[in-house]
Each structure stands twice: as structure tokens, then as C-alpha cells.
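I opened the model to look up a few helix, ring and strand contacts. The entries below are in the order I checked them.

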Amino acid sequence: MEKNRNYFVAIALSVLILVAWQFLYVNPKLEKDRATLEAQQAAQTSEQTTTTTAGGTTPAATGTNGTLPGAAGGAATTETREQALAKSARVEIDTPALAGSINLTGARFDDLKLKEFHETVDKTSPIITLLSPAETEHGYFAEIGYVGSEATGQMPGPQTVWTQDGAGKLTQTTPVKLSYTNDKGITFTRTISVDEHYMFTVTDSIENRTETPVALSAYGRTTRFFKPSTPSVYVLHEGFIGELGDLGLHEVKYKDTEKDTTVAPGKATGGWLGITDKYWATALVPPQATPYETRFSYFQDGRPRYQADYRQDDVTIAPGQTIEVKNLFFGGAKEVPIIDQYKTSYSIPHFDLMIDWGWFWFFTKPMFQLMDFFYRYFGNFGIAILITTIVVKGLFFPLASKQYASMANMKKMQPKMEELKAKHGDDRMALQQAMMQLYKEEKINPLAGCWPILLQVPVFFALYKVIYVTIEMRHAPFFGWIQDLSAPDPTSLFNLFGLLPYDVPHALLIGVWPIIMGITMFMQMRMNPTPPDPTQAMIFTWMPLVFTFMLASFPAGLVIYWAWNNTLSIVQQAIIMKRHGVKIELFDNLKGLFGKKTKPS
């Protein structure tokens with residue numbers, strides 16, 4: 001009795017620690033993150049509806065000193081988005097996926113919205129704003145220009161005013177043509193086209209009308225004046241990214257450039273670079289045959305800002321010669337099929353790495369592709385998760401079957417185990433040795449009950465990665481109250497799932513699906529023989545409760561997977577136990593748990 005009391009005290013203390021951890025650490029952290037996000041959303045709303053003091057300038061032009069823009073300048077104050085957009089002439093962008101405009105000052109991409117994505121699950125909420133002018137609080141833009149020397153004159157840069165040839169807006173079927181002739185007589189003719197998704201093609205025709213050869217080099221940069229408001233997690237990279245030819249993949253965090261100012265990987269040929277968020281990205285793709293220098297930088301002059309840029313090697317243009325330079329710019333959502341399509345159709349090396357599949361991409365990406373296949377057939381990612389679970393369960397069936405068979409044999413050995421307990425009494429060392437000998441003779445794995453759960457770990461991680469990083473899961477509904485599989489179950493036991501008229505702290509959002517998961521996990525544990533060691537028995541008893549609390553804050557899609565997988569495991573185990581002639585004692589174990597002892601079979 002004294003032993004039992006100690007166990008219950010230990011259990012109570014464990015639960016107390018868990019609850020305290022939720023209240024004192026998890027809840028304040030989540031509330032702080034939510035407050036930060038709400039503050040940013042409020043600032044964005046204010047930016048669109050109120051006016052502030054205008055001032056400052058765009059980042060300084062390159063002039064003719066051969067330096068890349070971004071090393072100086074930057075607006076010290078901010079303007080509203082409407083003010084900034086009204087300051088310069090623009091070319092409208094209108095495609096099935098994009099809305100916005102190109103700034104003729106600098107031929108800059110600084111006004112871009114994603115038509116197919118909303119800020120919340122409410123379809124009437126504002127669409128996502130990706131790019132905004134540099135003068136705004138959340139300035140974010142991309143541009144392509146040139147640097148030269150005294151001989152080349154003023155090269156196209158941030159303050160160059162381009163002229164549109166003709167009129168009309170940029171659509172997927174109607175490209176636009178811009179032109180600029182500098183003070184030395186070098187003419188730049190720029191053609192900008194866009195596909196039905198997110199890829200812009202910028203083709204520059206450069207004609208040297210001078211009497212001497214000129215050398216110039218193209219640059220590209222994507223710059224932003226802010227970081228994501230929500231803290232990043234270890235399974236996802238947000239910040240600078242680039243697949244730089246032979247230099248390989250580079251993922252640079254914002255804090256790395258804040259510490260060292262500039263991270264310069266070196267010279268590369270081929271590849272791409274840019275800035276990635278969880279669901280959105282901008283990326284520049286230089287001409288693949290020309291070497292270029294790359295860097296990821298943090299500037300503090302004027303307004304702090306982050307910049308990914310490249311500068312190509314000089315190209316010499318003879319008098320009367322015309323050359324063509326083609327760059328690509330991606331600005332949009334990281335949709336897996338579209339990113340994969342760009343990798344192939346534009347021959348962009350490893351462009352699919354823009355989506356953070358992680359080290360185990362060889363497992364994670366096929367998991368997504370399988371789910372996406374079922375989604376396209378059934379039209380619901382929740383159903384796709386359920387069917388994918390069945391497929392994965394089938395693949396692991398031989399191994400799981402072997403483990404469950406071992407567990408069934410262990411159940412048969414229960415009478416012999418009871419005899420050993422009676423024989424050795426309190427001599428724990430002798431009891432352990434006798435049991436190990438019994439396991440060896442009967443070819444039983446005493447850890448068989450843990451294997452089915454351990455087998456779920458790689459699948460669980462891959463599914464977690466897929467649900468967390470892929471935009472396809474964002475705002476994807478299931479049924480009923482689950483309108484976003486990438487977000488936690490919004491209901492809570494502590495207000496009777498919305499029946500009581502008050503909200504509960506985030507840490508107490510123990511929703512319906514986490515509870516279902518906990519129940520299925522508890523039942524699965526009760527299918528197994530009770531471990532002879534009291535400590536192990538206590539762990540098996542309370543593990544479902546711990547997992548219920550832990551997974552309550554996980555995406556609903558993961559919790560649904562876990563609950564469904566547990567259900568399938570219970571059915572599978574019951575079939576295997578029956579096949580081996582072992583009594584299924586789920587209900588007897590439940591009765592024993594609540595104090596109603598049953599006679600051993």
C-alpha cells in the first residue's frame with residue numbers, strides 16, 4: 001500500500017509539473033506571439049487607412065562607381081501604402097494569380113498581391129500582400145539594374161525613370177516594354193512578361209551607340225525592411241536562401257547577417273537566391289551561364305533592412321553592338337507543383353529546395369506527393385491524410401505484425417510470469433534474470449509494445465513537416481469545426497467545446513480531436529499486457545494523458561492522423577491476437593484499472 005501511495009504521489013507531481021509548464025511557460029509564450037502578430041496586423045491596417053508623415057528617399061542609386069545599391073540610403077520615415085504608390089508612374093499587373101504594379105522609377109517590383117490567398121480562413125478577408133514600396137513600414141521589393149564606370153555613364157538603378165512603350169497593363173498574354181537611354185547614348189530596352197502564376201521574365205536588350213567599347217554588369221536584389229512577426233521554429237527555415245551553383249544550398253538566418261552584417265558565399269555560376277518565408281518567397285534567377293558574386297546583407301543606415309543580391313561579371317559591348325540579358329524573378333506562394341514545374345521548365349537547379357523539406361526530404365516529399373494525389377481525387381486533405389495513413393500502415397504491416405505476434409506470445413506467458421513472481425518474491429535481481437531467461441526461451445521481445453509507437457515517429461515527423469511547411473495545408477478544411485488542418489483544434493474541454501460563453505487560455509485549448517487521440521492511445525495501451533514493472537506500468541497508464549496535452553497545440557491534421565493510426569493499430573492488433581489464440585483483454589484491463597479485478601484466463 002505504501003508503494004502504491006508513492007506511485008500516486010509521483011503521478012500527481014508529474015501532472016502538476018506538466019500543467020505548471022503549460023501555464024507558466026507555454027501559455028505566456030503563445031500569448032506573447034499572438035499579441036505580436038495582432039500588433040503587426042493592426043499596423044498594416046493602420047498603414048492602409050491613416051496617413052503618416054511622408055519623407056525619405058528610396059535606396060540610393062548606384063551612380064557610376066560600380067557599387068551595388070543598398071550600401072547607402074534608405075527612407076528614414078515611412079508613408080502609407082497609398083501615398084507611396086501614388087508617388088510614381090506605374091504599370092498595372094493583372095493575372096489570374098497576381099495583382100499590383102511595377103514602379104517605373106527603377107522598374108521595380110514593389111506592389112504585388114496574391115489573389116488566391118487570404119489572410120484568414122474567411123474568404124472575405126484581405127488577400128495576401130507580398131511586396132510593398134520601400135517607403136512603407138513593411139517595404140519589400142525586388143529590382144534588376146546595372147553598374148558600370150565613367151565610360152558607361154549613368155546605369156539603370158533605383159532612381160532611373162523608365163518609359164513605357166505604348167500603354168496597357170502586364171498580363172500573362174501581354175508583356176510590357178520599357179526603355180531608357182542614358183547620358184552616354186547607351187539604350188536599354190526592357191521587356192517584362194509574366195506567366196499565369198508567379199514567374200516574371202525580364203529581358204534587357206542593350207545597344208551601345210557610343211564609339212568605344214563599354215563594360216557593364218547586371219545586378220539583382222530583393223530587399224525587405226522587416227522580419228516575420230512570428231518566431232521561426234526549428235523545422236522551418238525563414239530568411240535568406242540560395243542554391244548557388246557549385247557552392248550548393250545556402251540558408252542564412254536573419255540573425256546571422258545582423259551579427260556579421262554580410263554573409264558572402266562567393267562566386268557562382270548557375271542557381272538562384274532570394275528571401276523565403278513560411279509560405280511565400282521572392283527569388284532572383286540570374287543568367288545561368290554567367291558567373292556572379294552573391295551576398296546576404298543587413299544594412300542599418302537610414303532604416304534597417306535585409307537584402308539578398310548578386311552582381312554578374314562584366315560584359316563588354318563593342319560600338320554598335322547589341323546584347324541581350326535575361327533574368328527571372330519569382331514572387332509568390334510556394335506551391336509545390338508550381339515550384340517543381342519551374343525547376344523543370346526553366347531549368348533552374350534545385351529550385352524545389354525553396355520549400356524546406358528538411359534533411360529527410362527523400363521521405364517527406366514522397367509523403368506530400370502521396371497525400372496530394374489523394375487530395376486531387378477526393379478534394380479534402382483531411383481524407384487524404386486518413387487514406388495516406390492506411391497506405392503507410394500497409395507498408396509497415398509485416399514489421400508491425402511480427403511485433404504484435406511477439407506481444408501475443410508474451411500474453412500467453414503471463415501465467416509463467418506470475419509463477420516467477422511468486423517464486424522469487426522481493427528478490428528483484430533474481431526475478432529480472434528469470435524473466436530474461438523466459439523471454440529468451442520463448443523468443444519474446446519484452447519491448448514489443450513500444451515498437452508500434454516508435455514506428456510512428458518517422459511517419460509523424462514527415463507528416464508534421466508536410467502539414468507545417470506546405471502552403472497546400474494552409475486553411476485546408478476537414479469537416480465540422482476543423483477549418484484549417486495546419487492550425488490546432490480550436491475547441492476546448494474547459495468551456496465544454498464552446499457551450500459555455502467564455503474563452504479559455506491558449507494552454508487549455510484541449511480540443512475534441514486531442515481528446516479522441518488520447519482515448520485511442522489509451523485503448524491501444526490497454527490492448528497490451530501490463531508491464532510487470534510498476535514504474536513501466538505507471539508510464540503506460542499516464543502516457544496518453546501526457547500526449548493529449550502535448551499534441552493539443554499541434555496542427556489538427558497531425559492529431560487526426562495520430563488518432564486514426566491508433567484506431568487502425570487497435571484493429572490490427574486485435575486480429576493478430578485472435579489469430580494466435582490469445583484472448584483480447586481490453587475490457588478486462590479497463591475493469592482492472594478501475595479496481596474490478598478479473599480472474600486470469
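This is a predicted model: local features need pLDDT of at least 70, side-chain atom pairs count only at pLDDT 80 or more; totals for chains, interfaces and linings use all residues.

**Helix crossing.** I looked up helix α6 (residues 381–395) against α13 and found that their axes come within 10 Å and cross at roughly 45 degrees. That angle makes α6 oblique to α13. I noted the crossing of α6 and α13 as right-handed.

**Aromatic pairs.** How many aromatic pairs does the count come to? I get 32 aromatic pairs. I then took two of the pairs one by one. A pair of rings is described by the distance of the centres and the angle of the planes, so I wrote down both values each time.

Y464 and F554 have 5.6 Å centre to centre and 40 degrees between the planes, and the pair is tilted. Where do Y464 and F554 lie in the chain? Y464 is in helix α10 (residues 451–469), and F554 is in the loop between α12 (534–551) and α13 (556–579). The two are 90 residues apart, and I logged the pair as a link between distant parts of the chain. Buried means under 20% relative accessible area. Y464 has 13% relative accessibility and therefore counts as buried.

Next I checked F547 and W562. Their ring centres are 5.8 Å apart and their planes are at 35 degrees, so this pair is tilted. F547 belongs to helix α12 and W562 to helix α13, 15 residues apart, and this pair also links distant parts of the chain. Are F547 and W562 buried or exposed? Both F547 and W562 are buried.

I also listed one aromatic cluster, formed by Y198, W272, F330, Y342, Y346 and F351.

**Charges over rings.** I found the charged end of R108 over the ring of F141, 3.8 Å from the ring centre. The charged end of R224 sits over the ring of F226, at 4.3 Å from its centre.

I then went through the neighbours of β15. Strand β14 (residues 272–276) runs antiparallel to β15 and is joined to it by four bridges. T276 has A281 of β15 as its bridge partner. β14 and β15 make a hairpin, with three residues between them. Strand β19 (residues 322–333) is also antiparallel to β15, and six bridges join the two. V285 has L328 in β19 as its bridge partner.

**Strand β7.** Which residues form the covered face of strand β7 (residues 176–181), and which the uncovered one? V176, L178 and Y180 form the covered face, and K177, S179 and T181 the uncovered one.

Strand β6 (residues 163–164) pairs with β7 in the antiparallel sense over two bridges, and Q164 stands opposite L178. β7 pairs with strand β8 (residues 186–194) over six bridges, again in the antiparallel sense. T189 in β8 is the bridge partner of S179. The hairpin of β7 and β8 has four residues between the strands, and G185 takes a positive phi near 95 degrees there.

Technical notes
Residues are numbered from 1 along each chain as its sequence is written. Side-chain values use heavy atoms; hydrogens and water are left out. Rings of Phe, Tyr and Trp (its six-membered ring) pair if their centres lie within 6.5 Å; planes under 30 degrees apart count as stacked, over 60 as edge-to-face and the rest as tilted. Buried means under 20% relative accessible area, exposed over 50%, partly exposed in between (1.4 Å probe, protein chains only). A charge sits over a ring if NZ of Lys or CZ of Arg is within 6 Å of the ring centre and within 35 degrees of the ring normal. Two strands pair if DSSP finds at least two bridges between them. Axes are lines fitted to C-alpha atoms, for helices over the stretch in contact, and angles run from 0 to 180 degrees between N-to-C directions. Angles under 35 degrees count as roughly parallel, over 145 as roughly antiparallel, 65 to 115 as roughly perpendicular and the rest as oblique. A crossing is left-handed if the near helix is turned anticlockwise from the far one by less than a right angle, and right-handed if clockwise.
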